[in-house]
Amino acid sequence: MAPGIVEEDMNFNLRKYNVSYNTGFMLESPLTSLPHYFEPWNHLAASVPSRLKTKTLRDAVHELPQLDHRQLVGHRQLRLAHLQLSYITSGYVWQDGDHGVPQLPKNLAVPLYKISQELGIQPILSTADLGLANWKLTHSDRPRDFENLECICHPPGDSEGDWFCIVTFMVEFNFSNCLKPMAHIIETLDTYETARDDSLNMDTTEDQVTRYLDELTDAIATMKAAFVKMHDNLQANTFFNVLRPFLMGWGGKGNPLPDGLIYEGVSEQPLKFLGSSEAQSGTLQLLDGFLGVQHTEDKRETLLHMRSYMLPGHRAIIEDVERRETTLRNFVLSSRNKSLHSAYNRCLSAVVNFRSYHLQIVTKYIVAASRHGVSGQHDNDDLKGTGGTNLIPFLKGLRSDTEDAATVPHDKKTKFSIKREVIIAAFVITGVITAINLSWVRSMI
Ligand code: HEM
């Protein structure tokens, strides 16, 4: 639990969403091995990096017994099993680089598919596995930081592959600090809505929301601060040529398996799935939803597609925040308080900053790397991310939508302030009518 946060003390209950104030979207205390019955999976997952080097992973998969996934108990066992099997699957399909095999044997395909159904995610390695359920502490008595985090399943690229995951873990962990100010703002706005108080209430609410927005801005800044570390131990060449091919999905134009992958024992038709992308993490989608950033239809469609790779709880929290009647953005728009507007805009700028930095990372690790190590800024509209997007236009568009959400205080009365005055007027009229009624009753007795 992060210092000072007691989960039960917060009205906005995150448990039902499989999210925590302590770890955000990251799985809390992931298991590192499955019970004895699943030892063949434990063993094979641990040997993936060496078997990829000797190109013997496929042979080992063919030896794997058909295990009964129904022996798994509880969410954490299911998550580890999904991580192990989807990780072995990526290795199996892409062992020989770009020439993927079109068919996954049923000893892997069936349990992977069934476990995915139970978890409500897709039967492929995704951020729910590699980014959110793949971490452990080197020393359990020391804090979470870059030096004390390790991967459970090691992606290719040795220490560089691990570093890609460790930086991702830290960005996700730092995101968890956003949840408390977000929850406080939600609570404050709900109280304001139900109190239907005098105008003083509006001023107090504005001050409180401003303060929590500043906390949120600081937390978003720590996400970027962690992201900056990517350069410390990941070369563009390793990402582009070693890691990225392993993270690829199957199906679609330009993919080595354009028709998809046949999951033996599941479907005779090949199935298509996106590769692993942090776009499948709930972090930025939740921030967008909370801040009221609107994305145009085509981009929103892509983001919604990414949501089908998230755990159902992670999708649900984004949807519930998007559906809220009393939104932060409407509250800010209804206010003439300059400090509130500035705090809201600073928060948006922190998200823009994160997205700008992410664009720099993508330029270095994909755009420049694809041009054989030529560094510098290149725009390449044809390049696709592991999540299959036309990456640069897509990412730039998301950033400019965030910029466009900035507000300016104005003098006109808006829906929110009009509503407040209507409520006050209703109170006054009710009071007058009650007084008249009372004096009439008195005159009758
Ligand atoms: C070498 C490191 C990284 C590269 C090359 C990279 C690349 C990409 C690409 C190409 C996309 C577009 C979607 C797709 O087709 O996959 C994307 C989306 C995204 N990535 Fe990354 N990424 C990296 C690291 C990270 C990390 C560490 C995070 C945060 C934990 C992150 C967060 C996101 C988010 C939130 C999106 C969705 C777009 C948005 O909301 O702005 N990425 N990334």
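How many residues does helix α14 have, and how far does it reach from its first C-alpha to its last?

1. Helix α14 (residues 338–370) has 33 residues and reaches 46 Å, close to the 48 Å expected at 1.5 Å a residue; the expected span is 1.5 Å times one less than the number of residues. At Thr 363, α14 bends by about 40 degrees, the bend being the angle between axes fitted to the seven residues ending there and the seven starting there. Helices are DSSP runs (H or I, at least four residues), numbered from the N terminus.

2. Please keep in mind that this is a predicted model, where local features need pLDDT of at least 70, side-chain atom pairs count only at pLDDT 80 or more, and totals for chains, interfaces and linings use all residues. Residues are numbered from 1 along each chain as its sequence is written.

3. Val 167 sits in helix α6 (residues 158–195). Val 167 counts as buried because it has 22 C-beta neighbours inside 10 Å; the cut-off is 20 or more other C-beta atoms within 10 Å, with C-beta atoms placed from the backbone. Gly 131 is 36 residues away from Val 167 in sequence, with 9.5 Å between their C-alpha atoms.

4. Now to helix α10 (residues 283–291), where Asp 288 is found. Asp 288 is buried too, since it has 23 C-beta neighbours inside 10 Å. Its C-alpha lies 8.7 Å from that of Glu 322, 34 residues apart along the chain.

Methods. Helices (H or I, at least four residues) and strands (E, at least two) are DSSP runs, numbered from the N terminus. A residue is buried if 20 or more other C-beta atoms lie within 10 Å of its own, exposed if 12 or fewer, and partly exposed in between; C-beta atoms are placed from the backbone.
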